[in-house]
Amino acid sequence: MTPHGNHPDHDLEWHERLQDWLDGDLEGPERAALERHLASCAHCQDTLEHLQDLDRELQSALPKPALDETFDARLFARIDEIDDQRSAARARAQAQAESELATLAGQWRRTLQAVVPSIVATVAVVIALASSLADIVGMPGVQWLQALGARGEDATGVDVASFLPFVVLAAFAAAASYVVARWLTPLAES
Amino acid sequence: MTHAPAVRPDADVHERLQAKQYREALALLLPRYRDKVFRLCVSMLGDRALAEDVTQDIFMRVWRALPGYGAQASLSTWIYAISKNACLSELRKRRPHVSLDHNADEYDAEIASLSAPEQDDSATVSVTQVLDRLPERYRQAVILFYMEDKSYEQTAESLGLPLGTVKALLHRARKRLIDLTRETEMA
């Protein structure tokens, strides 16, 4: 037996190789060299014995733990629960979006109902006022309207000025409808 | 001589992911990784019941993150990274209040003591008694190595460390365990 004792250089040189030998990782000349050394070194034989004991003890003390069979089922149950919550949230969001869209469409419809008569009213009022003022002031815009009226008489044989009371009446009706529509819209939305 | 084409690991899972079938992908990867992840959790947390809860949280995280998995890392590396982060965050949550001048070694000792068994006065020294006196990274490597059927490769993959580093860690851990056992027996 060689008197290597507890020399650190000796341990450094051989102990890692002892574990490699135990793990079956040493081959060829390295394996032969270790086995030759082991046969003559009491310290390495002692260490090898300790390593083997340690290996056995650790293997029995640390069995391979495994999850129980219900693990997958419990995991997928949690996933299903989250999926259901997500689906419900998606359905709620979709219903809310549809409702908002419907409200918006209603608002647009009501707005258009108010805008159209207001435009008509504005145009009619402008034409009516311009034509009525034609006899009072000689404004260029009024003269143009008079000329337009004269051409209308030439082309169709109808006196445009005779329609002015109706135009004025229509204009006031449109204006009135606009005011009523503006008043009704907030009531319809509430 | 012809070579068989290399089969991509978890190719079937990747196919499901490309088809956006996340639930099916999870169902495929679960039997392959659940026990390995669980063992990593046991080795890091030192508590079986807690490890089981954390393992479930890990797979919930995996499931939520599957749509964003870009295959930059292998699936196993990605899952183990999520697992390690989850365990570390669980350990941080359980970390006792410490003052700013507390050093890392003291913290490691506190973490180790969370799972340390009661001391007994019997003459026989159990390996689990001295196991808890190992530094945290040695203890983790030893526990995982023996739980993983003594596979250096699997231990290295789970811990995200190179194979050589794991071998060196285990070598030092064994040496320390033998020394600790001798010391305890002589005391």
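Mentor: Start with H3(B). Its buried residues are B:Ala51, B:Val54, B:Thr55, B:Ile58, B:Phe59, B:Val62 and B:Trp63. Buried takes 20 or more other C-beta atoms within 10 Å of the residue's own, with C-beta atoms placed from the backbone. This is a predicted model: local features need pLDDT of at least 70, side-chain atom pairs count only at pLDDT 80 or more, and totals for chains, interfaces and linings use all residues. Residues are numbered from 1 along each chain as its sequence is written, and chains are lettered from A in the order in which they are written.

Trainee: Why would residues three or four places apart point the same way?

Mentor: An α-helix has 3.6 residues a turn, so they do.

Trainee: How far apart are the end C-alpha atoms of H3(B)?

Mentor: They are 25 Å apart. The helix has 18 residues, 48–65, and at 1.5 Å a residue it should span 26 Å, so the two agree. The expected span is 1.5 Å times one less than the number of residues. Helices here are DSSP runs of H or I, at least four residues, and strands are E runs of at least two, numbered from the N terminus.

Trainee: Switching to H2(B) and H4(B). At what angle do their axes cross?

Mentor: Roughly 35 degrees, and the axes come within 10 Å. H2 covers residues 22–45 and H4 covers 75–94.

Trainee: Which residues meet there?

Mentor: From H2(B), they include B:Leu29, B:Tyr33 and B:Val37; from H4(B), B:Leu75, B:Ile79 and B:Glu90 are among them. Contact means C-beta atoms, placed from the backbone, within 7 Å. The contact divides into 12 nonpolar residues, one polar and one charged. Ala, Val, Leu, Ile, Met, Phe, Trp, Tyr, Cys and Pro count as nonpolar, Asp, Glu, Lys and Arg as charged, and the others, Gly among them, as polar.

Trainee: Now the interface. How many residues of chain A are in contact with chain B?

Mentor: 21 residues of chain A, against 25 of chain B. H3(A) gives the most to chain A's side, with seven residues. That side has 11 nonpolar, four polar and six charged residues.

Trainee: And chain A itself: how many helices and strands?

Mentor: Six helices and zero strands. Of its 190 residues, 8% count as buried.

Trainee: What share of its contacts join residues at least 24 apart?

Mentor: 65%, among contacts between residues at least 6 apart in sequence.

Terms used
A residue is buried if 20 or more other C-beta atoms lie within 10 Å of its own, exposed if 12 or fewer, and partly exposed in between; C-beta atoms are placed from the backbone. Axes are lines fitted to C-alpha atoms, for helices over the stretch in contact, and angles run from 0 to 180 degrees between N-to-C directions. Two residues are in contact if their C-beta atoms, placed from the backbone, lie within 7 Å.
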